[in-house]
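Student: I have a new model open and would like to walk through its folds with you. Could we take it step by step?

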Amino acid sequence: MVRTIRTKENHIRSRITDLQTRSESNKKVIEGYFIVFNSETELFPGAFEEVAPEALRNALDNDIRALVNHDPNLVLGRTKNNTVDLRVDEKGLYAVIEINENDSDAMNVYERSKRGDYSNASFGFRILKEDEEIRDDGTIKWTIREIELFEISVVTFPAYEETSVQARMKQAEQIEKRKLDKKKTLLKERIKKC
């Protein structure tokens, strides 16, 4: 049995994902998938949920914040000032968060993500429309069809396993680092020959 329900409660869902960090044009970013479509997760024993691709159809018009562990005191960026770039593709919601290098909290999150301590993502939302299915085995599954998105978060503990963020350097910086490493190696070889 499938039925559509509406709710006004706010929800937070987390996913395990591969968040990345990188430097881009002298800017550091954390990026990754914060929502993955059509990926069923178990919220608690016997209760499952997944987000349908149409759930974000009207969800990106808000001023969406990027937070750490859903804490409104730890804001990494927001869409209103273009420090968070959100895009939807066939896989889900991908976000690029520009890190403020003058903010020690943000730099700590960047470095922890770069090292892999933070590698998970989450989102805070309100369900506007969902389907509920009671399965033959007595379990229940909700398919979220429409949400109001408030925030995305880099998190310690995810609920959804497919989301992730990572830290990485921009290609140009990686190339420069490789060049520098090569110069160091050549210099060491010259010193050995002397």
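Student: Which residue takes a positive phi in the hairpin of strand 7 and strand 8?
Tutor: A word on the ground rules: this is a predicted model, where local features need pLDDT of at least 70, side-chain atom pairs count only at pLDDT 80 or more, and totals for chains, interfaces and linings use all residues. Residues are numbered from 1 along each chain as its sequence is written, and side-chain values use heavy atoms, with hydrogens and water left out. Strands (E, at least two residues) and helices (H or I, at least four) are DSSP runs numbered from the N terminus. Two residues lie between strand 7 and strand 8 in this hairpin, and the one with a positive phi, near 50°, is Asn69.

Student: How many bridges join strand 7 to strand 12, and which residue is the bridge partner of Ala66?
Tutor: Strands pair if DSSP finds at least two bridges between them. Strand 7 (residues 65–68) runs antiparallel to strand 8 (residues 71–78), but parallel to strand 12 (residues 140–155). Four bridges join strand 7 to strand 12, and Ala66 has as its partner there Ile152.

Student: Are the buried residues of helix 1 on the same side or on opposite sides?
Tutor: Helix 1 buries Ala106, Met107, Val109, Tyr110 and Ser113. Around the axis they cover an arc of only 160° (taken from the directions from the helix axis to the C-beta atoms). Ser104 and Arg115 are exposed on the other side.

Student: What is the polar contact distance between the side chains of Glu132 and Trp142?
Tutor: Glu132 is found in strand 11 and is buried, with a relative accessible area of 8%. A polar contact is a pair of N or O atoms within 3.5 Å; within protein, one must be able to donate a hydrogen and the other to accept it, and residues adjacent in sequence count only if both atoms are side-chain atoms. The side chains of Glu132 and Trp142 are joined by such a contact of 3.1 Å.

Methods. Buried < 20%, exposed > 50% of the residue type's maximum accessible area, 1.4 Å probe, protein only.
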